[in-house]
Amino acid sequence: MRFDIVSVFPEFFSVLDLSLVGKAQERGILDVQSHDLRDWTDDPHRTVDDTPAGGGAGMVMRPDIWGTAIDSLMESSQGRRGSRTILAIPTPSGVPLTQRTCERLAQEASQIIIACGRYEGIDARVSEHYSSVGIEVLEYSLGDYVLNGGEVAAVALVEAVGRLLPGMVGNPESLVEESHGAAGLLEYPVYTRPQTWREQAIPPVLTSGNHGVTARWRRDRAIEKTAARRPDMMRQLDSASLDKLDKRKLASLGWLVPAQADHPVPMNARVARAEDIASVAELAAATFPDAAPDYLSDVSIQAFIAENLTPDTFTTYIHSPDWLTMVLVDPCGRIVGYTLSLVPESDGVAGRDEGAPVDAVVGNKARKGPLVELSKFYIAESWRGSGASTMLFNATRVALLERTGEWEEPYLWLGTNARNKRAQKAYKALGFERVGKRTFTVGEQDNSDVVFARLLRMA
Ligand code: ADE
């Protein structure tokens with residue numbers, strides 16, 4: 001692979017004689033030549049720029065000088081078998097340079113001419129001309145900031161592409177797990193001796209010798225880091241590459257993977273506001289029949305909805321200090337899940353008349369603290385299995401903990417239809433245990449419910 005770098009500061013590139021790139025040059029894997037653009041001028045002042053057409057500040061680099069320079073560098077490589085020249089132009093208005101592009105260049109190019117602009121840049125006809133005669137022109141940017149010229153970006157391209165060439169990196173495996181690799185995640189944090197440095201120990205899993213646990217730990221850290229620093233990368237993650245534990249980690253960070261989606265989506269779980277009332281009532285009316293047992297008549301179901309799940313009732317819930325309504329909102333602002341909880345007086349029992357498990361034994365211990373009722377908990381069907389229920393439940397728990405503040409050992413309880421095994425399984429997965437039964441009336445019909453409870457504080 002040959003790089004020809006053209007600049008008005010050719011001495012800049014002596015850095016490329018150092019380190020791995022320098023060694024690769026010695027070993028013949030890479031050939032980097034830098035050239036002075038002024039060598040292609042034909043006036044005594046060696047002028048490379050002129051004033052901008054249409055006016056404005058600064059100077060623009062002349063296309064005629066660049067054309068002569070690029071033509072002569074292309075000619076010098078022409079005729080070699082399998083040669084493929086790419087013209088790379090660093091510019092803050094270029095496409096962001098990515099690892100994928102570097103991989104492709106390493107595979108496809110035999111010569112990369114890098115045209116380093118200064119001042120206000122290179123006359124736009126240079127790029128247009130070479131594209132129009134069939135040369136691939138890559139106008140690339142290092143990032144959303146402005147450098148004084150393309151030289152630093154040229155060095156970056158040589159190093160990023162050069163290190164991918166066969167024979168460059170001693171251990172090709174070290175290329176596999178790095179940031180921007182195939183996994184689509186940033187790299188996990190790394191550590192080495194000393195074991196403790198400035199009172200910080202190496203995370204114990206890394207010295208446990210357990211490869212499975214270490215791999216999981218690293219993957220969780222990579223997911224956390226990517227979610228915190230690069231939401232744009234999270235949106236591009238391939239759903240098919242994510243296992244159950246990945247999805248659980250993602251859900252704890254607010255990213256869900258719905259059944260048919262190619263990529264994770266960022267979700268928001270928050271306290272419901274007045275403007276949510278119509279949507280919550282609509283979702284509540286749509287999801288209530290889903291969870292009802294088959295034997296319940298439409299009349300009973302509709303009677304229940306008309307009495308309990310209307311915009312009016314939700315208006316009361318949302319404005320009442322005793323109730324907490326939480327919603328799960330997708331990136332388009334649609335409400336896809338909600339919970340409704342009833343908070344008792346400081347040490348009381350919420351839902352005493354609804355069958356609250358006052359005598360419950362939870363975790364082999366008789367209940368001591370107050371009982372908060374999780375009265376409703378629904379997720380729209382298309383979001384089930386995506387981690388939505390875990391995310392909404394955790395947000396509800398955090399909000400309830402804020403409300404119950406200093407209370408000693410508050411509990412959360414709920415009733416669910418005895419035939420709804422799916423819901424029971426889901427509640428167990430959320431840390432609930434079965435503590436009793438109750439009768440729950442829908443319309444005119446009585447139903448057997450099972451009652452579940454758990455400590456509010458337990459993680
Ligand atoms: N030239 C000036 N700023 C640049 C940037 N951000 N990326 C590439 N080339 C540049």
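Start by selecting the shell around the ligand: its residues split into 8 nonpolar, 4 polar and no charged. Here Ala, Val, Leu, Ile, Met, Phe, Trp, Tyr, Cys and Pro count as nonpolar, Asp, Glu, Lys and Arg as charged, and the others, Gly among them, as polar. You're looking at a predicted model, where local features need pLDDT of at least 70, side-chain atom pairs pLDDT 80 or more, and totals for chains, interfaces and linings use all residues. Numbering runs from 1 along each chain as its sequence is written, and side-chain values use heavy atoms, without hydrogens and water.

To build that selection, pick P90, T91, P92, Y140, S141, L142, G143, Y145, V146, L147, G149 and A153, each with a heavy atom within 4 Å of the ligand.

A ligand nitrogen sits 2.7 Å from a polar backbone atom of Y145, one is 2.9 Å from a backbone N or O of L147, and one is 3.2 Å from a polar backbone atom of T91. Alone, the ligand exposes 260 Å², and the protein buries 97% of that (Shrake-Rupley, 1.4 Å probe).

Now color by strand (DSSP E runs of at least two residues). β5 (85–96) and β7 (136–141) each give two or more residues to the shell, with β5 supplying the largest share, 3 residues.

Finally, head for F12, in the loop between β1 (2–7) and α1 (19–26). F12 is partly exposed at 34% relative accessible area, a label for values between buried (under 20%) and exposed (over 50%).

Definitions and conventions:
A polar contact is a pair of N or O atoms within 3.5 Å; within protein, one must be able to donate a hydrogen and the other to accept it, and residues adjacent in sequence count only if both atoms are side-chain atoms. Helices (H or I, at least four residues) and strands (E, at least two) are DSSP runs, numbered from the N terminus. Buried means under 20% relative accessible area, exposed over 50%, partly exposed in between (1.4 Å probe, protein chains only).
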